[in-house]
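Below are my entries, in the order I looked things up.

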Amino acid sequence: MVKLKEFIAAFEATQKNRSLNANQRQCVETAPTVPLMIVAGPGCGKTAVLVLRALRHILVDAIAPDEVLITTFTKKAAKEIRSRLISWGLPLVEELRRRAVAQGDTKQDAWLARLDLNLCKSGTLDSFCQEWLGAIRNPGEPQPIVLEEFASKILFARRVFGTAYHANKGLLDGYIGAFSPDGEPPHSQGDAVDDIKAIHDRLVQDLVNVGAYRKSKPDEHAKEAVAAHLEAFNAYLTGTSQFNFALAATHCLAHLQNGTLYPKIDPVTALLIDEYHDTNPLQEAIYFEIAKQGKGAVTVVADDDQSLYRFRGATVELFTNFQQRFFTITGLPKPKIEYLFLNYRSTPEIVTFFNDFIACDPAFTGARVQPPKPPISPNRSSAKIPVLGLFRDTKENLASAIADVLQGVFSAKGLALPNGQVLRGAPKDGGYGDAVFLAHSVQEWKSFWGKANPGFPSFLRTELDNRGIGIFNPRGQALRDIDAVQRLLGLVAECLDFTGTIGDIAISMDARGRIATWRTLAQQFILTNPPPNKTPDGKKRGLAEFVNAWRAGKPGPGFKTWPGEWPLLDLVYTLLAWFPMFQNDPEHQIYLEAITRCLTQAANVSAYGMSLYNDEPHKTRSRQAVWRDVLAPIADRVIDVDEDMLLTVPRDRLNVMTIHQAKGLEFPLVFVDVGSEFTGNYEKQRFKRFPDKHSSVTALESHLAPYTTIGALRVARPDLDRTFDDLVREYYVAYSRAQSALVLCGLDRLLKYNTNIKNVATFWRRDESWAWRQSIPAGVKPPATVNAHPLMEI
Amino acid sequence: MDLETRSPHAMVPAYSLTGDLLSYLRCNRQYRYQNGSSLPPARPVQLWFGEFIHGVMEAGFALWRAQNPKFPWPCTMVAWDKREQGMGLKGHDVGEIGRRVELVLGRQGKIPRSKFLRESAYARAEAAINQLGPALFPLVAAAEEPLSGSRVIPNTTGDLLRAERYELTGIVDVLTDVELTKCDPNNIFRKALESALGKLPPKFEVIVDYKGARRPPTKAKNGGPSGYWDQHFWQVETYGWLRRTRTTLPVVAGVLLYINELAPSGGDIAELKEEVRDGRTDVIPDAASVDRRNLSRWESGQDTLNLLSMEFRLRRAIRVIEINDKNINFALGEFDKTVLDIEHHIAKEAKIVDIGKVWLPTCSEEETCAACDFAPTCSKPAGQKKPGDPPPPHAP
């Protein structure tokens, strides 16, 4: 094994631009016998420290690489950790071998030569649960499959809920609607499925005592129905050897607790958990069991100020109380806390800004790890670019101003700022891809009273399109609203509806209306006679002929009669001939991938496996299955795009992302939308800027609190406070993404001295005081714009 | 102030030997769609069969090790519409093992698509279990062993790529000398290894991989190199390199098992006939043998299952490839070049943002193109001399 001092020296020798600061060194040097809790600010190198600690366990503590388990929250983060482990670890091992050879230590060299860092395990806890289920299967049983969320939802709706919902509708709607995003009873069966699944997830993730919950008053009948649906679904999944993520984790926990799992997997001698602030009670229980049974080194890394996923069950209190919980529940030594607060990402101006933001509201202090981490210190030097403010009177003007800034910055001259400084893109290889626009929502079109209204990203797209600047916003539109997707799916419907009545089945009214619109768009597209529309010998043959042949069942030259069975996917792929964008544009590839993913998942639960048959009654029924299991779910927005699918992010376009998507990322130039939509103090928008009531998620947390051990800890802060806390964390994450330039943008009325649009993002405190507004002496006319904001307006 | 360039996260992309590299070598464009974007095949016939065979063999081995049922195992194929509930068959019935594997594959959208394919898959699985199992299972020291290793991407021109290294992954079964020397000298694997390698070292390992395919020809129809034959060779050598990092024993050979050879289809026999005639395959029936006579007399539509002797079928099913430093270096060099090429394409796509201009069709096999989902939009399918706009597609 390698000496600790030598390990650090060799690491610093291989990473020429990186030396460990005192706190990072402390984290790496802490003995494996001491559980370690690292509280790390944004840009302070938490992933780096986690990876280094894993390498230390292998090289210094001589823990076998396959006994090192690193978990994180997303697949993307897991890939990043693995990449760093290998790209740092291999040169480090090479350097240590060089040193061993120089010292004549052949034994050490041979040991190092045999180390295989690829054996180190890194992934999401879900992925490990899936792997572990394989370890506890019986001989002869194949590797179990864990269903994607979409398939799980369809199965639940089809096998359990659909048949029982109408009988219990009156009972259920009021109860489950209270915890829906809008607090209203479900508008459709699809909404009801979403609402009840959200409650089910919580029952599982929070380790709720379902027996006590289902008997408790009031609403005991509704609760009984909710619990019975969960039981019935789990019984169905278990009976058919299927799992969803929640059931997989529940099974693993049960097997860990009864001692039947741990002996069958590789020992976990070092457990390292990233993003612990987004852990839920079920995951905590699994981690604690592994820690107890592995009796090895444990490290958790997190930033309580960046916990964003309460709506997915994340429970930040598990991190803020980690020391005590770990000690009490596992009986292992009490963890030591280390803080990382030296920021390598941002300029001092940006660091000061987000430090001020997180400390602005004293009421937030109680939500943080105690004592809170020290203010973040910048490691970079100042370039004299203050945080910028870009506020205009209308959305159009705001979009135009953002486009001006972008064009200015990425021009050869750069953008001259009021303080005489010039902000310019990187002279070599700089491009719009170095900038990002972050917002709470990046939807380009929003439905309001049944009408589609443009959201601010839509104004931005129009403005940038007019100037020839690309925009990359794969989440900007729901799959169902994307023009090419609508035409493609409309063509699928046109090809399959040979009677004109195929779609007359039980699907939601909304889906029915949308599919009809898609078909109209498809018919209009056919009339344009898009290329390819001629055969090589010059004869006219195009999309219209293709669609008509499908409807009439008239076979092409390859078949004498129409084939008895044909895959729907083949039809989709063939239609791409008339859609060059799906073939060539990476963003449209993501849409296509989402459609095909829906189709393959639907194939698992659909009676005809997404094959189209040609003999009745299967001909009609197999086509109806396409309506029910593909077209309607996309129309109902059950499935959407996932930007993780992207192979490359285009360098020539402005990135547009939700703040949640941007977590863990950094950009040289960051625009944060703090209020492009806030034209007045509208009640419906308050949850996005200054909530006047608790969120549905916190309401559900409190509702279940009496039946779960985490309940008391979680509701120690009132629901409304937790709702505010989430908003503070969201903008803290947004502001801390910027490396060199941070631009806050919105409508100018947000900065009016007398504005009534209260907004957490612009430093309003929940006691309704405003940090940017200094009072003025009585009798003095107030200024138009707020008088103590730190922004340099441009 | 000049902004910095947004640095992509240091990536170590993972490449699977069979899933990525061999697929890229088949066709750049198809690789981009199927591997880059994960667009699923419309008819995952090959995928289904390959995974079905792997699943049955893995489950069969686990059952054999746990319960050691006597060979031959029965094979009662469960009707398609009974596959959910089953027929209450014994656990080691190949029909029951297959049913369970099929259910899992079905939940991933992989289904056999035709009665014929399903029946032939069960016939092959039954032959694999009962013909290979008794000789193979006792030799297996580790089943479904995941392998991985990291390599530097040979970016000698210093181009801006997202990665400096890549991770190579694969899964194999491992045989060790201990098991091999304990077994009957007439064990087909022992004999095949001794015949291919001559004297074996005192201690060693052998890796095994199943192929849901027939034995590839050693040369292409035009007399040039045979893609699959060579690529399978690289694959074994690379697996050998990966396995060497996990064991102190010398890894001396790889055994590829071409399962289709055990129960060939009419198409397989027709191709074999042609290859024997043209001297493009390495395992041929002896000139005066019954197998030779049966093969030469066979005509399309006739029985194939009992056409050739099991001894001959097993010889064709088993391919032993010697693993040594020279071969390994050659194979790794080929894979490094392939990864570099893929990474160049990825970098180019990020720059010019047009998939069609970056990932060009490169397939030279007409059969592969005929089965390709993206053929209706392909500008240069195999056999077409110059690229051109594809004609409007027909309905089926």
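**Pro617(A) and the other cis bond.** I looked up Pro617(A) and found it in the loop between β19 (611–613) and α24 (618–635) of chain A. My helices (H or I, at least four residues) and strands (E, at least two) are DSSP runs, numbered from the N terminus. A cis peptide bond joins Glu616(A) to Pro617(A), with omega about 5 degrees. Chain B has a cis bond too, between Phe71(B) and Pro72(B), where omega is about 0 degrees. Pro72(B) sits in the loop between α3 (45–67) and α4 (94–107) of chain B.

**Housekeeping.** This is a predicted model, so I note that local features need pLDDT of at least 70 and side-chain atom pairs count only at pLDDT 80 or more, while totals for chains, interfaces and linings use all residues. Residues are numbered from 1 along each chain as its sequence is written, chains are lettered from A and ligands numbered from 1 in the order in which they are written, and side-chain values use heavy atoms, with hydrogens and water left out.

**Positive phi.** Met610(A) has a positive phi of about 60 degrees although it is not a glycine. I place Met610(A) in the loop between α23 and β19 of chain A. Is Met610(A) buried or exposed? At 5% relative accessibility, Met610(A) counts as buried (under 20% relative accessible area; exposed is over 50%, partly exposed in between; 1.4 Å probe, protein chains only). In chain B, Asn68(B) has a positive phi near 50 degrees, and Asn68(B) lies in the loop between α3 and α4.

**Helix α2 of chain B.** Helix α2 (residues 28–36) of chain B is mostly covered, with seven of its nine residues buried. Which residues of α2(B) are buried? They are Asn28(B), Arg29(B), Gln30(B), Tyr31(B), Arg32(B), Tyr33(B) and Gly36(B). The cover includes α22 (580–584) and α23 (586–605) of chain A. From chain B, the cover includes β1 (14–16), α1 (17–26), α12 (325–352) and α13 (355–358). Just after α2(B), Ser38(B) takes a positive phi of about 55 degrees.

**Where A meets B.** The contact (heavy atoms within 4.5 Å) takes 93 residues from chain A and 65 residues from chain B. Together the chains bury about 6600 Å², 57% of it on carbon and sulfur atoms; buried area is the accessible area (1.4 Å probe) that two parts lose on being put together, summed over both. I count six salt bridges across the interface (a side-chain nitrogen of Lys or Arg within 4 Å of a carboxyl oxygen of Asp or Glu). Asp570(A) forms a salt bridge with Arg43(B), with the closest N and O atoms 2.8 Å apart. On the side of chain A that touches chain B, the largest share, eight residues, comes from helix α4 (residues 75–102) of chain A.

**Cores.** I looked up nonpolar cores next (sets of buried Ala, Val, Leu, Ile, Met, Phe, Trp, Tyr and Cys residues joined through side-chain atoms within 4.5 Å). The largest has 180 residues, and Trp132(A), Tyr276(A), Leu479(A), Trp550(A) and Leu568(A) touch the most other members. Helix α7 (residues 149–177) of chain A gives the most to this core, with 11 residues. Leaving aside neighbours within four places in sequence, Trp550(A) has contacts that include Cys495(A), Trp562(A), Ala395(B) and Pro396(B).

**Arg214(B).** I find Arg214(B) in the loop between β4 (205–211) and α8 (227–244) of chain B. Arg214(B) is buried, with a relative accessible area of 12%. Arg214(B) forms a salt bridge with Glu271(B), the closest N and O atoms being 3.6 Å apart. The partners are 57 residues apart, and Glu271(B) is in helix α9 (residues 266–278) of chain B. Glu271(B) is partly exposed, at a relative accessible area of 31%.

Gly420(A) is in the loop between β12 (415–416) and β13 (422–423) of chain A. Gly420(A) is exposed, with a relative accessible area of 61%.
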